[in-house]
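Morning, everyone. Please have the sequence and the model open on your screens.

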Amino acid sequence: MGRAKVTLKHIQNERARKVAFNQRRKGLIKKVSDFSILCEAKACLIVYDADGNGEPVTFPEDPAIVHSIIEKYETKKNNKNDKPPPKIFDVEDFFDNRNGMVEAEITKIQKEILNIKYPTNDASLNSMTMQQKLFMIAKLDAKIEACNVRINMLKNKSQTSHPTQLNLVQQNISQDQQVNLDSTNQAADEPVARDKLGELVGWTG
């Protein structure tokens, strides 16, 4: 069976009240001590009797430790109540804020322009056949190869090798274009014209 519920009320008998006070005070000190040891907590307990005339019973018993805990509590409480001074928003802060907003808007617009100018996808690619896509890839590869050769020419600064290498690349590009174009025209009759392919890869033929 569980313990019967105890009704808390003031003890009228003075002698019984003092006995209960001493017993409960010892039990309370023990609980605070156990809590401090088990949890490594800095706990402080101060108990006065009902009259408040006698010396208080404290935990810990060392007054220096009790004072240090109380001072720490008061310091924390005062720091919490102290509000930081309001920030002064002057003209320089205003223009810095506006400058940041304008720069963010410029960056946003630049990204939108790049997406419009250099889209990563084109609707006409969905209607192209595999042969037409391969033809477009071949043209892109040829342009990349031509750019690489041009870059190497500028790095080497070899005037004598420029015409030979450039003519060789142009011949290879023309041959690749002719072969892929013939394959595309024979494989499908879709209404994707060569001009459209050239528009997609930026090739004018």
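I'll start with the overall layout, then go through selected residues.

First, the ground rules. This is a predicted model, so local features need pLDDT of at least 70, side-chain atom pairs count only at pLDDT 80 or more, and totals for chains, interfaces and linings use all residues. Residues are numbered from 1 along each chain as its sequence is written, and side-chain values use heavy atoms, with hydrogens and water left out.

Now the layout. The protein chain has six helices and two strands. Helices here are DSSP runs of H or I with at least four residues, strands are runs of E with at least two, and both are numbered from the N terminus. From that end, the order is α-β-β-α-α-α-α-α.

How much of the protein chain is buried? Of its 205 residues, 16% count as buried. Buried means under 20% relative accessible area, exposed means over 50%, and partly exposed is in between (1.4 Å probe, protein chains only). The accessible surface comes to about 17400 Å², and 55% of that belongs to carbon and sulfur atoms. These areas come from the Shrake-Rupley method with a 1.4 Å probe; for residues, only the protein chains shown count as cover.

Next, the inside. Five residues make up the largest nonpolar core: V32, A43, L45, V47 and F59. Such a core is a set of buried Ala, Val, Leu, Ile, Met, Phe, Trp, Tyr and Cys residues joined through side-chain atoms within 4.5 Å. Look at L45. Leaving out residues up to four places away in sequence, L45 touches L28, I29, V32, V57, T58 and F59. Contact means heavy atoms within 4.5 Å.

F59 has another feature. A cis peptide bond joins F59 to P60, with omega about 0°. P60 sits in the loop between β2 (57-59) and α2 (63-81).

One more loop. E40 lies between α1 and β1 (45-47). E40 is not a glycine, yet its phi is positive, about 50°. E40 is also exposed, at 74% relative accessible area.

On to charges. Side chains of opposite charge can pair when their charged atoms come close. How many salt bridges does the structure hold? It holds two. The cut-off: a side-chain nitrogen of Lys or Arg within 4 Å of a carboxyl oxygen of Asp or Glu. K18 pairs with E14, their closest N and O atoms 3.5 Å apart. D34 pairs with K30, and here the closest N and O atoms are 3.0 Å apart. K18 and E14 both lie in helix α1 (residues 14-39), four residues apart, about one turn of the helix. D34 and K30 are also both in helix α1, four residues apart. D34 is partly exposed at 32%, while K30 is exposed at 53%.

Last, the aromatics. The rings of F94 and F95 have centres 5.5 Å apart and planes at 75°, so the pair is edge-to-face. Rings of Phe, Tyr and Trp (its six-membered ring) pair if their centres lie within 6.5 Å; planes under 30 degrees apart are stacked, over 60 edge-to-face, and the rest tilted.

F94 is partly exposed at 39%, and F95 is exposed at 53%. With F89 and V91, F94 and F95 form a nonpolar surface patch of about 450 Å² accessible area together. Patches take residues with over 30% relative accessible area and no salt bridge: like charges are joined within 9 Å, nonpolar side chains (Val, Leu, Ile, Met, Phe, Trp, Tyr) within 5 Å. V91 lies in helix α3 (residues 91-117).
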